[in-house]
Amino acid sequence: PGVLMSQFFGLDSLKAMGQTLQVDDKKAAAMEKARKEASLAILELSDFVFTNRVVFFNEEDKKSVAQLADSNLDVDINEAKEIVDRAKAQVAKLTTLLSS
């Protein structure tokens, strides 16, 4: 994922990316846009996960967390699914651009 998260796939510029991938500037720009959108969706999913995590430090905390979870665990899993679907679509778009 490091390359996906790095501007221009870790290269110095859009021109360098185009030269390395042997594509014209227009296609290189489309690839960079798709890469950026995919990385943003993955970062959004990461934010969702860390926002909705539960941390406990010992067995007493673990019991308290379990009790709270039984009565008050409202996580919109559909939101996470939508983010995953968006990320998958962007990665698929990028894959198509890279393979054509």
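**View 1. The whole chain, end to end.** Starting at the N terminus, the elements go α-α-α-α-α. That makes 5 helices and 0 strands, where helices (H or I, at least four residues) and strands (E, at least two) are DSSP runs numbered from the N terminus. This is a predicted model, so local features need pLDDT of at least 70 and side-chain atom pairs count only at pLDDT 80 or more, while totals for chains, interfaces and linings use all residues. Residues are numbered from 1 along each chain as its sequence is written, and side-chain values use heavy atoms, leaving out hydrogens and water. Of the 100 residues, 23% are buried; buried means under 20% relative accessible area, exposed means over 50%, and partly exposed is in between (1.4 Å probe, protein chains only).

**View 2. Inside the largest nonpolar core.** This core has 11 residues in all, among them Leu-4, Phe-8, Phe-9, Met-31, Ala-34 and Leu-97. Helices α3 and α5 (77-99) each bring at least two residues to this core, and α3 gives the most, with 4 residues. A nonpolar core here is a set of buried Ala, Val, Leu, Ile, Met, Phe, Trp, Tyr and Cys residues joined through side-chain atoms within 4.5 Å. Zoom in on Ala-34, and you'll find it touching Gln-90, Lys-93, Leu-94 and Leu-97, with residues up to four places away in sequence not counted. Contact means heavy atoms within 4.5 Å.

**View 3. Ser-39, tucked into helix α3.** Ser-39 belongs to helix α3 and is buried, at 6% relative accessible area. Set aside its neighbours within four places in sequence, and Ser-39 is in contact with Leu-4 and Met-5.

View 4. Met-5, Leu-40 and Leu-43 together make a nonpolar surface patch of about 250 Å². Patches use residues with over 30% relative accessible area and no salt bridge, joining like charges within 9 Å and nonpolar side chains (Val, Leu, Ile, Met, Phe, Trp, Tyr) within 5 Å. A salt bridge is a side-chain nitrogen of Lys or Arg within 4 Å of a carboxyl oxygen of Asp or Glu. Leu-43 sits in helix α3 (residues 25-51) and is partly exposed, at 43% relative accessible area.

**View 5. Two loop residues with positive phi.** Phe-9 is in the loop between α1 (2-5) and α2 (14-21), and its phi is positive, about 55°, although it is not a glycine. Phe-9 is buried, with a relative accessible area of 16%. Gln-22 lies in the loop between α2 and α3; its phi is near 55°, again positive in a residue other than glycine. Gln-22 counts as exposed, at 73% relative accessibility.

Key. Areas by Shrake-Rupley, 256 points an atom, 1.4 Å probe, with all protein chains shown as cover.
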